[in-house]
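Thanks for coming. I will walk through a few local features, one chain after the other, and then stop.

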Amino acid sequence: MFNLKNILGTKCLSKEDIITILDTADSFKEISTRPIKKVPTLRGKTVINLFFEPSTRTRTSFEIAGKRLSADVINISEYTSSSVKGENLIDTALNLEAMHPDIMVVRHSLSGIAEMLSQYVECPIINAGDGYHEHPTQALLDLQTIREAKGTLMGLNVVIVGDIAHSRVVRSNIYAMKTMGMHVKLIGPPTMIPLEIEKMGVSVGYNLEDSIKGMDVIMMLRLQKERQSKYLLPSIREYSNLYCLTSQLLEKAKDDVLIFHPGPVNRGIEISLDVMKSERSFILTQVTNGVAIRMALMYLLLVNKNDNNN
Amino acid sequence: MKSVVFSEQDISRAVTRIAHEILEKNKGAKNLSLVGIRTRGVTLATRIKKSINDINGLDIDLGVLDITFYRDDLAIGKHNPVIEKTSIPFSLESKNVILIDDVIFTGRTIRAAIDALIDFGRPASIQLGVLIDRGHRELPIRPDYVGKNIPTSKTTRVQVLMKENDGKDEVCVINDLTIDNT
């Protein structure tokens, strides 16, 4: 039985939780293919998207997920909120809660914000990305996409390539993938791989070409230019020479390898255009599944919230 | 206390009779579609489809419906949140849709199923077939095709077993005062 109050990260999800979420999402996927893409399941519920960082995919995905379940979705971004007037985040959250929302979806550039807010407000919180910490819905949609393509997760080999240090997607994926019995390898420039990250149960390498052989999934990360200090890389061109996934490199990988990217893509920097468009690329499938995962989480959080009250 | 009220043979006869009644009422199988409500409604619908095929050789569409999204008791927490897949891979537009479930009781499942079907298109008609009608309706809903009417009290449980799901065909009535169906 799924009885979590918040989705703050994949670190606190058990194997059973993850399977329940993925199975539920599989069933929700069909709604988005109907002529009328809406069911009344969450009618009368209110979802607030509180986004303090730019986002197209995640915010739209949460909004669509809520609306397809008939919830009322309100979007608040940094520039339209009273934080411009100096209100602190906890006050903003408490004021929003006074209007009785049923779920708050939070994105912020500070690590740990989602968990901190969950200590102040009663309503369930979904972490939509907090700093360098976690981005659980991204990891869950990645797992769903892998499971859909491969039929299983147990024992699969995944290589994650790029700016590991600044990536919340990596951390959420490592926790979730280890829980599901997958093997994770991290590749990137030494300046972008945190020391002692092996303690999370992953292996580390620095050479992309050697590392993609035998992998079931290659996950390329975005070079997060907005989070870089200028000392990590000699130049973007050098990064691209060493770590861009090209079709020549791809020839060394297994024929049935899956190529992932959490988006947004810097074309030609971390992944070449022909690889993005190849049939091994699941980048847009990831986005499609994102809606189903977010529908499933809203459903599971709200239905179980009611169970607890009875 | 448990008593068998419908045997394997009874079920098989009821399925054949319902298939005939469907064909009679709709003047043949043209423009017909079957939609089974998970889980045993789907099994039953599959058998009715086969029976119709045996009678007149027509292969009619069969859809699968999970009504969880449309339930009215999600908010009161009586419900098991496992959702199965819905699959209606054909158009319901202007079709005569026969909704199939194993047991009709309060009518709330059927209300949810009708809402769900209408979101898939505008059928010419929706008809309802059930194996067991046990009474105690809470909504103005009446089945068009019934395998057997079984008068029950509200505390009785009606258990439908089907070979494909449970290994044998049987309908039992279980009287147990600890069960609260309401």
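What is the order of the strands in the open sheet of 4 strands in chain A? The order is β2-β1-β3-β4, and the pairing is parallel. Before going further, please keep in mind that this is a predicted model.

Staying with that sheet, β2 (72–77) and β4 (125–130) of chain A are at the edges. Each has a single partner strand, so one side of each has no neighbour in the sheet. On average, neighbouring strands here are turned by 10 degrees against each other, direction ignored.

Inside the sheet, strand β1 of chain A, residues 46–51, pairs with strand β3 of chain A, residues 103–108. That pairing is in the parallel sense and runs over 5 bridges. If you want one position to look at, take A:Asn49, whose bridge partner in β3(A) is A:Val105.

There is another parallel pair in chain A to look at. Strand β5, residues 157–161 of chain A, pairs with strand β6, residues 183–187 of chain A, over 5 bridges. Here A:Ile160 has A:Leu186 in β6(A) as its bridge partner. Is β5(A) largely enclosed or left open? It is largely enclosed by the rest of the structure, because 4 of its 5 residues are buried. As a general point, side chains in a regular strand alternate between the two faces of the sheet.

Now the helices of chain A. Helix α5, residues 136–150, and helix α6, residues 168–179, have axes that come within 8 Å and cross at roughly 55 degrees. That angle is why α5(A) counts as oblique to α6(A). The crossing is right-handed.

Which residues meet there? From α5(A), they are A:Pro136, A:Gln138, A:Ala139, A:Leu140, A:Asp142 and A:Leu143. From α6(A), they are A:Val169, A:Ser172, A:Asn173 and A:Ala176. Sorted by class, this contact of α5(A) with α6(A) has 6 nonpolar, 3 polar and 1 charged residues.

One more residue in this chain is A:Lys67, which sits in helix α2 of chain A, residues 57–68. A:Lys67 has 16 other C-beta atoms within 10 Å, and therefore counts as partly exposed. In sequence, A:Lys67 and A:Met295 are 228 residues apart, yet in space they are 9.2 Å apart, C-alpha to C-alpha.

On to chain B. It has an open sheet of 3 strands in the order β1-β8-β7, and the pairing is antiparallel. The edge strands are β1 (2–6) and β7 (156–161) of chain B, each pairing on one side only. Neighbouring strands of this sheet are turned by 30 degrees against each other on average, again with direction ignored.

How many bridges join β7(B) to strand β8 of chain B, residues 170–175? There are 6, and the two strands run antiparallel. Within chain B, B:Val158 stands opposite B:Val173 in β8(B).

Last, a residue in a helix of chain B. B:Asn53 lies in helix α2 of chain B, residues 40–56. Its count of C-beta neighbours inside 10 Å is 14, so B:Asn53 is classed as partly exposed. Leaving out residues up to four places away in sequence, B:Asn53 touches B:Leu58 and B:Asp59. B:Asn53 and B:Ala19 are 34 residues apart in sequence and 9.3 Å apart in space, C-alpha to C-alpha.

That is the end of the tour.

Conventions. Residues numbered from 1 in each chain as written. Chains lettered and ligands numbered in written order. Predicted model: local features only at pLDDT ≥ 70, side-chain atom pairs only at ≥ 80, totals over all residues. Pairing = 2+ DSSP bridges. Axes fitted to C-alpha atoms, helices over the stretch in contact; angles between N-to-C directions. Parallel < 35°, antiparallel > 145°, perpendicular 65-115°, else oblique. Left-handed = near helix turned anticlockwise from the far one by under 90°. Contact = placed C-beta atoms within 7 Å. Nonpolar A, V, L, I, M, F, W, Y, C, P; charged D, E, K, R; others polar. Buried ≥ 20, exposed ≤ 12 C-beta atoms within 10 Å, placed from the backbone.
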